[in-house]
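Please read the following briefing beside the sequence and the coordinates. It goes through a few local features and one interface, topic by topic.

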Amino acid sequence: MDNSIRIKELNMVYNGPDDDGTGLGVLQNVNLEVQGNEFVSILGPSGCGKSTLLKLIAGLEKDYDGDIYLGNDNPRYKRVPVCYMLQKDCLMPWRSLLSNVLLPIEIKNGDLKKARNEIQPLIAEFGLAGFENYKPRQLSGGMRQRAALLRTYLMDGEIMLLDEPFAALDEITRMQMQDWLTSVWEKHKKTVLFVTHDIDEAIYLSDKVVVMSERPGTVIGEIKIDFQRPRKREMILTSRFSDYKKNIIELLRA
Amino acid sequence: MKKLKNTGQKNKYKEPGLGIIPVVILGIFVLLWQALVDLLKIQPFILPSPIKVFKALYDERRLLLTHTLVTVGEALAGLGIAIVLGIIFGLLMGYYKPVRVALYPVFVITQTIPLIILAPLFAVWLGFGFLPKIIIVVLMCFFPISVTFTQDLIKPDEDMDNILKVMGAGKWKSFRLARIPQALSGLFSGLKIAVTYSITGAVISEWIGAKEGLGIYMTRAMTSFKTAVLFADVVIIIVLSLALYKLVEIIEKKVTKNLEYV
């Protein structure tokens with residue numbers, strides 16, 4: 001199955017209530033290509049339209065010019081199943097962890113009993129074993145985010161759109177989550193588009209970092225990250241890592 | 001990653017027993033009241049002492065009970081209808097925006113009409129039987145139920161909406177899975193207001209004209225200067241309202257608990 005993402009000459013203008021009719025440019029001539037099973041981060045200052053870009057890809061907004069292709073499908077005309085996750089975990093507080101995680105299957109009217117058995121190994125892999133009956137409020141921030149990530153993973157799609165999933169976590173938890181995410185991703189391999197404003201996070205996790213400008217957001221640089229996999233935390237102390245970082249900072253400053 | 005064992009214990013500690021404080025305050029108030037009446041030698045028909053009130057409560061227990069049953073019957077019938085209608089219209093207004101836009105202002109207007117005008121009108125139209133009383137109770141209780149429910153049903157949560165949409169949930173599924181459970185606490189706070197209105201509503205409508213009930217009993221007590229009986233009447237109204245309130249609290253706890261392991 002083709003799970004690449006291609007974005008061509010994407011433009012989007014937001015017509016707010018109090019502007020002069022020209023509108024507020026959100027995205028300007030965005031071109032982007034993500035290969036199947038590639039991990040790509042989008043890095044940019046806040047308000048540069050990177051979250052909007054994910055919404056467009058997820059098919060949540062359709063008021064734009066240009067084209068988006070997920071494989072051969074265009075989400076403007078057809079619902080393309082993707083996995084989508086936000087900074088906010090969006091777990092339902094009245095549901096147990098397990099029934100939160102199984103929500104995508106419940107929505108598709110899938111076989112919940114079967115799914116419950118099938119995801120046992122995943123529950124363990126996502127570090128949630130033994131907590132199936134806990135309520136979200138009884139879990140730590142990292143666990144809630146992992147539960148949300150597992151729920152995201154169970155949405156049937158080969159493309160994962162992650163919108164700053166770790167931004168609300170403390171530094172140490174965030175580091176653990178990054179280590180864990182790379183290891184899980186290296187095993188399961190889906191196409192990932194990861195929005196962040198954390199430069200280290202982008203370099204450490206990705207095959208490619210796409211840098212966006214301030215509003216109206218456009219791609220101002222793509223940097224291929226050539227570290228081998230599996231990724232190791234020590235990499236962030238190497239001079240190559242610093243070079244990547246320097247590169248990105250220069251792009252963001254320009 | 002290792003399991004985080006230090007989580008999930010947060011709600012194990014018990015809340016300190018603050019429930020005792022209002023009881024103490026109430027007790028002090030009653031004592032002061034008694035002392036004041038004794039010291040200033042206030043006439044019982046102006047202000048009866050608490051002891052006199054409780055004596056009246058005991059002496060008149062037979063009559064009070066028959067009248068109480070009538071009032072409770074009216075209140076519960078009206079409340080029941082209001083709950084059913086409130087939930088139905090709450091759901092309709094929460095789900096369909098046009099319904100909300102059309103009905104909401106109308107419901108608000110019904111609340112601005114003084115009951116003291118409506119009650120005698122209903123008596124003129126429908127007589128002194130149960131029906132006008134039940135209608136008044138419905139009018140009073142329907143509004144808080146439907147409005148608080150609707151308000152919570154339409155509370156925006158764009159992130160949750162988007163996640164559900166990407167998962168493939170349509171409008172009704174999102175509504176059922178996210179909106180309704182989220183709005184239950186609003187529904188219950190509306191119910192709590194409604195139950196306290198229900199007894200008062202029934203009493204007021206009886207006040208205007210009835211054959212039986214606490215309201216008409218009150219007016220009789222007043223015109224014959226049996227102020228202690230009037231107060232006894234009030235004590236019963238307070239106890240009934242509190243009991244209904246408590247009942248809603250218990251049901252709320254049960255429902256939220258059952259919701260937990262869907």
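**Leu36(B) and its surroundings**

Apart from its neighbours within four places in sequence, Leu36(B) is in contact (heavy atoms within 4.5 Å) with Lys41(B) and Ile42(B). The model is a predicted one, in which local features need pLDDT of at least 70 and side-chain atom pairs count only at pLDDT 80 or more, while totals for chains, interfaces and linings use all residues. Residues are numbered from 1 along each chain as its sequence is written, chains are lettered from A and ligands numbered from 1 in the order in which they are written, and side-chain values use heavy atoms, with hydrogens and water left out.

- Leu36(B) belongs to helix 1 of chain B, where helices (H or I, at least four residues) and strands (E, at least two) are DSSP runs numbered from the N terminus.
- With a relative accessible area of 46%, Leu36(B) is partly exposed; on this scale, which uses a 1.4 Å probe and protein chains only, buried means under 20%, exposed over 50%, and partly exposed in between.
- The C-alpha atoms of Leu36(B) and Gln182(B) are 49 Å from each other, and the two residues are 146 residues apart along the chain.

**The interface of chain A and chain B**

- Chain A contributes 36 residues to the contact and chain B contributes 28 residues.
- About 3000 Å² is buried between chain A and chain B, with 63% of it given by carbon and sulfur atoms; buried area is the accessible area (1.4 Å probe) that two parts lose on being put together, summed over both.
- Of the area that chain A buries against chain B, 23% comes from Leu60(A), Trp94(A) and Ile107(A), more than any other three residues supply.
- The rule for salt bridges (a side-chain nitrogen of Lys or Arg within 4 Å of a carboxyl oxygen of Asp or Glu) finds three of them across the interface of chain A and chain B.
- A salt bridge links the side chains of Lys88(A) and Asp157(B), at 3.2 Å from N to O.
- On the side of chain A that touches chain B, helix 1 (50–58), strand 5 (83–85), helix 3 (103–107), helix 6 (141–154) and helix 7 (171–188) of chain A each supply at least two residues.
- Helix 3 of chain A gives the largest share of that side of chain A, namely four residues.
- By residue class, the side of chain A that touches chain B comprises 20 nonpolar, seven polar and nine charged residues, where Ala, Val, Leu, Ile, Met, Phe, Trp, Tyr, Cys and Pro count as nonpolar, Asp, Glu, Lys and Arg as charged, and the others, Gly among them, as polar.

- Just after helix 1 of chain A comes Gly59(A), whose phi is positive, at about 80°.
- In helix 2 (residues 50–59) of chain B, the residues Pro50(B), Val53(B) and Ala56(B) are buried.
- The buried residues of helix 2 of chain B fall within an arc of 120° when seen down its axis, so they line one face of the helix; the arc is that of the directions from the helix axis to the C-beta atoms.
- Turned away from the buried side of helix 2 of chain B is a face that carries the exposed residues Ile51(B), Lys55(B) and Tyr58(B).
- Ser41(A), in strand 3 (residues 39–43) of chain A, counts as buried at 0% relative accessibility.
- Leaving aside neighbours within four places in sequence, the contacts of Ser41(A) include Phe194(A), Ala202(A) and Val210(A).

**Backbone geometry**

- Most residues other than glycine have a negative phi, and most peptide bonds are trans.
- The peptide bond from Arg215(A) to Pro216(A) is cis, with omega near -5°, and Pro216(A) is in the loop between strand 8 (208–212) and strand 9 (219–224) of chain A.
- Arg229(A) and Pro230(A) are also joined by a cis peptide bond, with omega about -5°, and Pro230(A) lies in the loop between strand 9 and helix 9 (239–253) of chain A.
- Asn29(A), in strand 2 (residues 24–34) of chain A, has a positive phi near 45° and is partly exposed, with a relative accessible area of 39%.
- Lys41(B), in the loop between helix 1 (20–40) and helix 2 of chain B, has a positive phi near 50° and is exposed, at a relative accessible area of 67%.
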